[in-house]
Amino acid sequence: MTLLAIALVAAVGGAVNSIAGGGTLLTFPSLIALGIPPIVANATSTVALWPGALASMWGYRRQLAGARAWAVRFAIPSLAGGLAGALLLLNTPAERFSMLVPWLVLAATLLFMAQGPLMRRLRAGRHAMDDAEAVESLAPPPVLFLIYQFVVGIYGGYFGAGVGILMLASLGMMGLVNIHRMNGLKNWGGMCMNAVAAVTFAITGIVNWPVALAMAAGAMAGGYAGARLAQRVRQRSVRKAIIAIGLLSTIWLAFGR
């Protein structure tokens, strides 16, 4: 019954990710509620959701055409940061991580709340320049950008919920305006972070594989169903529900366990 419940939660999370994003704000607290230790829940969730990150990046592969140099520069700090974050998680005492969990969920919820206004602002500037020109006219990313992406990668490897909005914000500040190209680079960076973190967690034996496999199956089924429903469901309503769940989860994780 526990694995079935986990698969159902992951299915809902996968569907939510397809419709509006923020599925982790549902799955992570649910795993803890099912009695899984926070660090194990975090590592297991990272491994289970990586195939979804790969599929999402593959869906945007055409948007990375002509941006190979940017993709390579984006990958290096993402991989390094993801590895650093994963190692930091593995070296965090369980008690300390349990204390951090409510704040991590709250931070992810606030990032999710900021996503809507940021996306509207980015879309408003799409007419400013052509997609290809937006990449080709930019100088190589400065060192400060790479350092920022490394810090974002640490957060991605350590916890990761809401990491996409941090990358979109930095890409916008760098001058990119085409939202599809930005999403492609964001998904590429997220996949790099999750890949190295997932491998690290798998090698160290911290992953609960029955749970991870059940989650992966549920997330794939939910993601497929969510993609079909995405055009029929009001994203604003889904986003409001996710924000409410994130805030309630923060309160429960801080005071109710």
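Is Tyr148 buried, exposed or partly exposed? This is a predicted model, and in it Tyr148 has a relative accessibility of 30%, so Tyr148 counts as partly exposed. Buried would require under 20%, and exposed would require over 50%.

Let's see where this residue sits. Tyr148 belongs to helix α7, which covers residues 143-158. Setting aside residues up to four places away in sequence, Tyr148 touches Leu166 and Ser170. With Leu166 there is a detail to look for: a polar atom of the Tyr148 side chain lies 2.9 Å from the backbone oxygen of Leu166. As for Ser170, 22 residues separate it from Tyr148 in sequence, while the C-alpha atoms of the two are 8.1 Å apart in space.

Now take one step along the chain. Gln149 is also in helix α7, but its relative accessibility is 0%, so Gln149 counts as buried. What does Gln149 contact, leaving aside neighbours within four places in sequence? Its partners are Phe74, Pro77, Ser78, Met167 and Met193.

One more step brings you to Phe150, again in helix α7. Here the relative accessibility is 31%, and Phe150 therefore counts as partly exposed. Phe150 is one of the residues in a nonpolar patch on the surface, together with Val143, Leu144, Ile147 and Val151. The accessible area of this patch as a whole is about 490 Å².

Note on methods:
Residues are numbered from 1 along each chain as its sequence is written. This is a predicted model: local features need pLDDT of at least 70, side-chain atom pairs count only at pLDDT 80 or more; totals for chains, interfaces and linings use all residues. Side-chain values use heavy atoms; hydrogens and water are left out. Helices (H or I, at least four residues) and strands (E, at least two) are DSSP runs, numbered from the N terminus. Buried means under 20% relative accessible area, exposed over 50%, partly exposed in between (1.4 Å probe, protein chains only). Contact means heavy atoms within 4.5 Å. A polar contact is a pair of N or O atoms within 3.5 Å; within protein, one must be able to donate a hydrogen and the other to accept it, and residues adjacent in sequence count only if both atoms are side-chain atoms. Patches are made of residues with over 30% relative accessible area and no salt bridge: like charges are joined within 9 Å, nonpolar side chains (Val, Leu, Ile, Met, Phe, Trp, Tyr) within 5 Å. Accessible areas come from the Shrake-Rupley method with a 1.4 Å probe; for residues, only the protein chains shown count as cover. A salt bridge is a side-chain nitrogen of Lys or Arg within 4 Å of a carboxyl oxygen of Asp or Glu.
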